[in-house]
Structure formats: C-alpha cells, structure tokens
Amino acid sequence: MQKGLNDIQIETDSQTALKLISNGGEGTHPYRALIEDGNFILRRCRCTIQYVPRDANQSADALANIGVNQKGNLIFLEEPPNSVSSFLVADLISANLVRA
C-alpha cells in the first residue's frame with residue numbers, strides 16, 4: 001500500500017461486521033459496495049481481521065466513541081487522550097494475560 005502499511009491485524013468487537021466482511025455480503029445487501037471495498041483493501045495490505053470482545057479492547061472502544069464526534073476525516077494523535085489512558089493500561093494488562 002502507499003504508506004507502507006502491510007500485514008496489519010484488525011480487531012473488531014462486531015461479529016456482524018466480521019461476518020459481512022468474511023462472507024462478502026449477499027448480492028442485494030445494502031452495504032455490498034462498502035463490503036467489497038473493505039475486502040479489496042484487506043487483500044491489498046495483507047490485513048487480517050478477527051473478533052475481540054469489547055471488554056478485551058476498551059481503549060479501541062473509547063477511541064471509536066471519540067472519533068464519532070470528530071469533524072475531520074483522519075486525525076493523528078501524538079499522545080492518547082486523557083479519557084483513554086486508563087483503558088490503555090487495562091488493555092495492556094489484559095493483553096499480557098489473555099494473549100501471552
């Protein structure tokens with residue numbers, strides 16, 4: 001890909017989204033074009049996507065909630081927002097216990 005982003009692991013807490021992306025959606029699905037675009041990007045950057053319960057990734061959930069209210073299309077953060085810091089610590093502890 002353009003920015004050298006390859007072999008990215010994507011985690012989602014939406015089993016519905018994972019199934020749609022994995023199965024490609026039905027021919028008449030209202031989001032079929034979006035699903036196909038997502039699959040194209042996943043293949044191009046050699047990304048994998050997997051389900052992770054929301055409780056196991058609270059920082060991503062908190063960032064997603066912040067992102068919903070942002071006006072820009074793409075935002076880079078130098079430091080995590082204060083409202084996310086405690087979730088990052090909890091996720092780090094959880095990741096070491098669950099994924100080790």
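## Report on a predicted model

Ser-59 is buried, its relative accessible area being 8%. This residue belongs to helix α3, which covers residues 58–68. Setting aside residues up to four places away in sequence, Ser-59 touches Val-84, Phe-87, Leu-88 and Asp-91. The model is a predicted one.

**The chain as a whole**

The chain holds 4 helices and 2 strands. Along the sequence, these elements come in the pattern β-α-α-β-α-α. The chain has 100 residues, and 15% of them count as buried. Among contacts between residues at least 6 apart in sequence, 69% join residues at least 24 apart.

**The two strands**

Thr-12 is placed in strand β1, made of residues 9–12. Gln-50 lies in strand β2, and β2 spans 48–51. Is Thr-12 buried or exposed? With a relative accessible area of 15%, Thr-12 is buried, because buried means under 20%. Gln-50 has a relative accessible area of 32% and is therefore partly exposed.

Which residues does Thr-12 contact, leaving aside its neighbours within four places in sequence? They are Leu-18, Ile-49, Gln-50, Tyr-51 and Val-52. Gln-50, with residues up to four places away in sequence not counted, touches Gln-9, Ile-10, Glu-11, Thr-12 and Leu-18.

| Pair | Places apart along the chain | C-alpha separation |
|---|---|---|
| Gln-50 and Glu-11 | 39 residues | 5.1 Å |
| Thr-12 and Pro-53 | 41 residues | 7.7 Å |
| Pro-80 and Ser-59 | 21 residues | 9.6 Å |

Helix α2 runs over residues 32–44 and includes Asn-39. Asn-39 counts as buried because its relative accessibility is 16%. Apart from neighbours within four places in sequence, Asn-39 is in contact with Ile-21 and Gly-24. For Ile-21 there is a further detail: its backbone oxygen lies 3.2 Å from a polar atom of the Asn-39 side chain.

The loop between α2 and β2 contains Arg-46. Arg-46 is not a glycine, yet its phi is positive, at about 55 degrees. Most residues other than glycine have a negative phi. Arg-46 is partly exposed, with a relative accessible area of 48%; the exposed class would require over 50%.

How many disulfides are there? The count comes to 1. This disulfide is formed by Cys-45 and Cys-47, whose sulfur atoms are 2.0 Å apart. A disulfide is a covalent bond between the sulfur atoms of two cysteines. The angle about the S-S bond is -110 degrees, and the link of Cys-45 and Cys-47 is left-handed. Both Cys-45 and Cys-47 are buried.

**From helix α3 to helix α4**

Pro-80 lies in the loop between α3 and α4, the latter spanning 82–98. Its relative accessibility is 38%, so Pro-80 counts as partly exposed. Leaving aside neighbours within four places in sequence, Pro-80 is in contact with Ser-85 and Leu-88. Leu-88 is also one of the residues that Ser-59 touches.

**The largest pocket**

What is the volume of the largest pocket? The space in this pocket is about 230 Å³. Its lining consists of Leu-63, Ile-66, Gly-67, Gln-70, Gly-72, Asn-73, Leu-74, Ile-75, Leu-77 and Pro-81. Sorted by class, the lining has 6 nonpolar and 4 polar residues, and no charged ones.

Terms used. Residues are numbered from 1 along each chain as its sequence is written. This is a predicted model: local features need pLDDT of at least 70, side-chain atom pairs count only at pLDDT 80 or more; totals for chains, interfaces and linings use all residues. Side-chain values use heavy atoms; hydrogens and water are left out. Buried means under 20% relative accessible area, exposed over 50%, partly exposed in between (1.4 Å probe, protein chains only). A polar contact is a pair of N or O atoms within 3.5 Å; within protein, one must be able to donate a hydrogen and the other to accept it, and residues adjacent in sequence count only if both atoms are side-chain atoms. Contact means heavy atoms within 4.5 Å. A disulfide is a pair of cysteine sulfur atoms within 2.5 Å. On a 1 Å grid over the protein atoms alone, a cavity is a set of points where a 1.4 Å probe fits but cannot get out, and a pocket is an open set with protein on both sides within 12 Å along at least five of seven lines; lining residues have an atom within 4 Å of a point. Grid points are joined across faces, edges and corners, and a volume is the space filled by probe spheres set on the points. Ala, Val, Leu, Ile, Met, Phe, Trp, Tyr, Cys and Pro count as nonpolar, Asp, Glu, Lys and Arg as charged, and the others, Gly among them, as polar.
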